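Hello,

I am handing over the structure below. My notes on strand pairing and aromatic rings follow it.

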Amino acid sequence: MYHKRQDPCPDTGSAFGGGGKGETGDIAGTDVGGSAEWISGGFLERPVSQWHTCFTGWKKGVPMQHSKLKCLVIREVDFSEHDRYITVLTEHGRRLEVLCRNARRKGSRIAGAARLFCWSELTLYESRGRYSLDDAELISPFWGVTQDIDAYALACYLAELSAAMTDTEEDIPALPRLFLGALHVLSERKRPAAIVKPAFELRFMAESGFLPQMDPCSVCGAALTPDSVWFSVRSGSAACGSCAARLGADFRLLPRGTVAAMQHILTSDLKRVYAFQLGGGSLRVLGEVCEEYTIYYADKLFDSLRFYHSLAQL
């Protein structure tokens, strides 16, 4: 059984501590730094009530009010000769579909800010439930992501996952900060894709309401030690060795480093989610568990994920 998160994760760090890196699996916290400063204007500064209610229903003779929102472009589709549709993730974690007229015309003032993985301030207006782009100002382009095929493929997967797990009626406030942090560390090459991918998957699923129970044992309630944590994706929880042996199912023993990394991802402040190091078998198991957990609860297979994995075979 998964456990829906009620409050944002506190900055408590890893429950099992650790230090060092490598096959032993212990993680070493490393501050990525500058996670709020590198994005102009900060995060989540405008309450949802101020932007959601400012869209007025269209009536003949009544002028439409515009709204400015900071948005991350997570999908783009060109159509006709000059236009483009984009899917954006707003600063509050809500997905919107936006029509960008003339975005592909030469010299268009909105062209550079309405591209994939651009973090921009968009001026939108709504008519009969449809959004159109009136103006756009680029904040951060994250061009570095496009310079590395692995980073770009991973970013495409994160975008597809985000689009699948969000809608136009509900906010996931942590998501834009989590996604922007991933793009930042990938673009600046501060963290490898093998770290960013499981960290994003696990924390995103937790913020979406699928928070795994890592301690205590979900069966007998006993406190778990770092060397005896058995985890089940299907139940979304951990168990002690004796309970896992009795239940069987899909419980697997997690390396000490994997346990510490999962605790760090789930409990750290959003700006430090990617601030850890892990290697060897512990990193491999972390990747396997987080991906399996994501696919199971998202209940979807992702084409972009298959492409990402195909790159490892080249």
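**Aromatic rings and strands**

Tyrosine 297 is buried, as its relative accessible area is 13%. Please keep in mind that the model is predicted. Tyrosine 296, by contrast, is partly exposed at a relative accessible area of 37%. The ring centres of tyrosine 296 and tyrosine 297 are 4.9 Å apart and the planes stand at 85 degrees, so this pair is edge-to-face. Both residues belong to a cluster linked by ring pairs, together with Phe210, Phe231 and Tyr293.

The count of aromatic pairs comes to 9. Another of them joins tyrosine 157 and phenylalanine 302: with 5.7 Å between the centres and 70 degrees between the planes, the pair is edge-to-face, since planes over 60 degrees apart count as such. Tyrosine 157 sits in helix H2 (residues 149-165), while phenylalanine 302 sits in the loop between helix H7 (280-298) and helix H8 (303-310), so the pair ties together parts 145 residues apart in sequence. Tyrosine 157 and phenylalanine 302 are both buried.

On the strands, S5 (residues 130-140) pairs with S3 (residues 95-100) in the parallel sense over 2 bridges. S5 also pairs with S4 (residues 119-127), in the antiparallel sense and over 9 bridges. Tyrosine 131 in S5 stands opposite valine 98 and also opposite glutamate 126. S4 and S5 form a hairpin with 2 residues between them, and arginine 128 in the turn has a positive phi of about 55 degrees.

Regards

Definitions and conventions. Residues numbered from 1 in each chain as written. Predicted model: local features only at pLDDT ≥ 70, side-chain atom pairs only at ≥ 80, totals over all residues. Heavy atoms only, no water. Pairing = 2+ DSSP bridges. Helix = DSSP H or I, 4+ residues; strand = E, 2+ residues; numbered from the N terminus. Phe/Tyr/Trp six-rings, centres within 6.5 Å; stacked < 30°, edge-to-face > 60°. Buried < 20%, exposed > 50% of the residue type's maximum accessible area, 1.4 Å probe, protein only.
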